[in-house]
Amino acid sequence: MKLKIAIQKSGRLHDDSIQLLNDCGLKVRNGHNQLKSNAEDFPAEVYFLRDDDIPQYVEDAVAHIGIVGENVLLEKGRAVDVIEQLGFGKCRLSVAVKKEDNYADVSFLAGKRLATSYPNLTQQFLNENNITAEIHEISGSVELAPGIGLADAVCDLVSSGSTLFMNGLVEVQTVLKSQAVLVKSKALDADCQRLLDQLLFRIRAVKKASNNKYVLLNAPNNSLQKIISLLPGMKSPTVLPLAQEGWSSVHSVLSEHEFWEKIEQLKAAGAQGILVVPIEKMIL
Ligand code: ATP
Ligand code: MG
């Protein structure tokens, strides 16, 4: 009995997917020249696929779970369950027009030709806005379409926007925000579900750890109380006496999003020698 996991064979999600599985203790060799590979140390088999095919494989339970972008998942409309957002592969599906166009609002698109690899999501977006436009489905290099006269605008994936910029396009409207998600087949037997629960437990521990840092600092005892109040920690901070009289070492965990602000406050409260260390796994 093995958990069958579908990930992208090569492309933008491949490395992060492998990394996540490795961090969860599933050693997977990358699949450049193979369709599947056995994980070491966990009863799992990894399938390397085109990302477009992953929703179908999971719907059909050929793969029990998969890692795929929400953009692909929603475009394909397959019946699978999303279990976890994974925090990588972040991008948005956006409408972009030529930079010389006077785009005021979506009504600009009425009667225009839109090039996209996401015809369903684009059509849905047009419907929601009561716009009739022509959709040209193309499978790659969508951003070239306006320049060669194939379309007036595009609906394409964007992360930094530099590809659009290089092709004389500007992003005017976000259709969908996306990131990689873990999906599962609707028909998992109890054994698969048990393995999935184990993996999910590990994924959550890895995600949590990557959002947190371990902080160690020295504090004069007379400002300990103030410093402790700034550091809630997992339960409460660890406080150890230093060899030097009147000083303590304080250890705690800080979340990424409040990190810089807290460091400022800790320094202002008299903390010195602040060390920040990555956390590998975090189990609450
Ligand atoms: P495949 O050969 O597997 O079909 P692909 O060419 O369709 O690959 P990639 O370009 O590797 O796909 O992108 C895979 C996924 O990465 C996208 O579907 C999206 O979820 C995510 N992604 C993140 N940032 C971007 C971006 N700037 N452009 C395109 N995709 C992005
Ligand atoms: Mg693809």
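Which strand does Ser248 lie in? Ser248 lies in strand 14, where helices (H or I, at least four residues) and strands (E, at least two) are DSSP runs numbered from the N terminus. This is a predicted model, in which local features need pLDDT of at least 70 and side-chain atom pairs count only at pLDDT 80 or more, while totals for chains, interfaces and linings use all residues. Residues are numbered from 1 along each chain as its sequence is written, chains are lettered from A and ligands numbered from 1 in the order in which they are written, and side-chain values use heavy atoms, with hydrogens and water left out.

**Ser248 and its surroundings**
- Ser248 counts as buried because its relative accessibility is 5%; buried means under 20% relative accessible area, exposed over 50%, and partly exposed in between, with a 1.4 Å probe and protein chains only.
- The side chains of Ser248 and Asn221 form a polar contact of 2.6 Å. Such a contact is a pair of N or O atoms within 3.5 Å; within protein, one must be able to donate a hydrogen and the other to accept it, and residues adjacent in sequence count only if both atoms are side-chain atoms.
- Leaving aside residues up to four places away in sequence, Ser248 touches Leu217, Asn218, Ala219, Asn221, Leu224, Val239, Leu240, Pro241 and Leu242, a contact being heavy atoms within 4.5 Å.
- Ser223 is 25 residues from Ser248 in sequence, and their C-alpha atoms are 10.0 Å apart.

**Strand pairing**
- Strand 12 (residues 212-220) runs antiparallel to strand 14 (residues 247-255), joined to it by nine bridges; two strands pair if DSSP finds at least two bridges between them.
- Asn218 is placed opposite Ser249 of strand 14.
- Strand 12 also pairs with strand 15 (residues 272-278), in the antiparallel sense and over five bridges.
- Lys213 has Pro278 of strand 15 as its bridge partner.

**Helix 4**
- In helix 4 (residues 119-128), Pro119, Leu121, Thr122, Phe125 and Leu126 are buried.
- These buried residues fall within an arc of 170 degrees when seen down the axis of helix 4, so they line one face of the helix; the arc is that of the directions from the helix axis to the C-beta atoms.
- The elements they pack against are helix 3 (70-76), strand 6 (91-98), strand 7 (113-116), strand 8 (134-137), strand 9 (153-158) and strand 10 (169-178).
- After helix 4 comes Asn130, with a positive phi near 55 degrees.

**Cysteines**
- The count of disulfides is zero, a disulfide being a pair of cysteine sulfur atoms within 2.5 Å.
- Cys24 is in no disulfide, and the nearest cysteine sulfur, that of Cys192, is 17 Å away.
- Cys24 counts as buried at 3% relative accessibility, and Cys192 counts as buried at 2%.

- Asp51 is buried, with a relative accessible area of 18%, whereas Asp52 counts as partly exposed at 29% relative accessibility.
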